[in-house]
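Please keep the sequence and the model at hand while reading.

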Amino acid sequence: MKRILFSFCLFLVSSVIWAQNELIVCYATSDDGFLNVRAEPSSKADVLTTLPMQFHGLGRGILLEYGKRWSKVRVENIVGWVYTKYMGTQGWYTRNGQPKLVAKKEITSLYTDNYADEGPKYVPYGFVEKGTIIADEYELLKDGYYVLKKGHDYLFINKDDVIVE
């Protein structure tokens with residue numbers, strides 16, 4: 001009985017921690033550099049797209065749900081499942097006590113550098129939902145964007161799209 005109660009409490013605690021909904025970027029760590037994104041959490045399910053390895057030090061997917069065997073991810077506008085064993089992650093929320101950035105719009109856009117010499121400075125990367133904890137490692141730039149620094153490449157978010165808590 002104690003084991004059942006302990007397991008239930010552990011489940012509740014992990015659910016509360018996951019309910020915080022924080023930005024976590026994901027990428028493939030497989031030998032071939034790609035991870036199939038499937039319609040269901042099964043190796044027999046249809047492949048919707050692939051999750052590539054890190055590109056310039058930044059993942060190309062956004063983690064939606066973490067699981068021991070299968071994790072739910074969004075790659076561009078496609079949502080599916082990847083085998084967790086071959087997925088790496090990175091985030092900018094360290095719980096270090098610093099003020100954190102929280103998404104305040106229903107759909108809050110994230111941007112990355114535009115590596116071309118023409119066009120806008122930032123290009124769309126992905127999005128998170130309202131209430132998502134984005135980072136406590138960031139810096140406000142003069143152009144009105146926060147930069148999330150980690151790895152070789154950075155993510156950017158408009159300061160008007162977040163709340164500092």
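## The enclosed cavity

Which residues line the largest cavity? The lining consists of Arg60, Gly61, Ile62, Arg74, Val75, Glu76, Tyr125, Gly126 and Phe127. Two or more of the lining residues come from each of strand E4 (61–65), strand E5 (70–75) and strand E10 (122–129), and E10 gives the largest share, with 3 residues. Strands here are DSSP runs of E with at least two residues, numbered from the N terminus.

The model is predicted, with local features requiring pLDDT of at least 70 and side-chain atom pairs counted only at pLDDT 80 or more, whereas totals for chains, interfaces and linings use all residues. Residues are numbered from 1 along each chain as its sequence is written, and side-chain values use heavy atoms, with hydrogens and water left out.

A search of the whole structure finds 1 cavity of 30 Å³ or more, and the volume of the largest cavity is about 50 Å³. On a 1 Å grid over the protein atoms alone, a cavity is a set of points where a 1.4 Å probe fits but cannot get out, while a pocket is an open set with protein on both sides within 12 Å along at least five of seven lines; lining residues have an atom within 4 Å of a point. A volume is the space filled by probe spheres set on the points, which are joined across faces, edges and corners.

## The second largest pocket

The second largest pocket has a volume of about 160 Å³, and among its lining residues are Thr50, Pro52, Thr112, Asp113, Tyr115 and Pro124. Arg60, Val75, Glu76 and Tyr125 line this pocket and also belong to the lining of the largest cavity. Strand E3 (47–52), strand E9 (107–113) and E10 each give two or more residues to the pocket lining.

Leu51 is placed in strand E3 and counts as buried at 0% relative accessibility, where buried means under 20% relative accessible area, exposed over 50% and partly exposed in between, with a 1.4 Å probe and protein chains only. Leaving aside neighbours within four places in sequence, the contacts of Leu51 (heavy atoms within 4.5 Å) include Cys26, Ala28, Val37, Arg60 and Val75. The C-alpha atoms of Leu51 and Val37 are separated by 6.4 Å, although the two residues are 14 apart along the chain.

## Aromatic pairs

The structure holds 6 aromatic pairs, in which rings of Phe, Tyr and Trp (its six-membered ring) have centres within 6.5 Å; planes under 30 degrees apart count as stacked, over 60 as edge-to-face and the rest as tilted. The ring centres of Tyr122 and Tyr145 are 4.6 Å apart and their planes stand at 50 degrees, so this pair is tilted. Tyr122 in strand E10 and Tyr145 in strand E13 are 23 residues apart, and their pair links distant parts of the chain.

The rings of Tyr138 and Tyr146, with centres 5.3 Å apart and planes at 90 degrees, form an edge-to-face pair. Tyr138 is partly exposed at 25% relative accessibility, whereas Tyr146 is buried at 10%.

How values were computed: Helix = DSSP H or I, 4+ residues; strand = E, 2+ residues; numbered from the N terminus.
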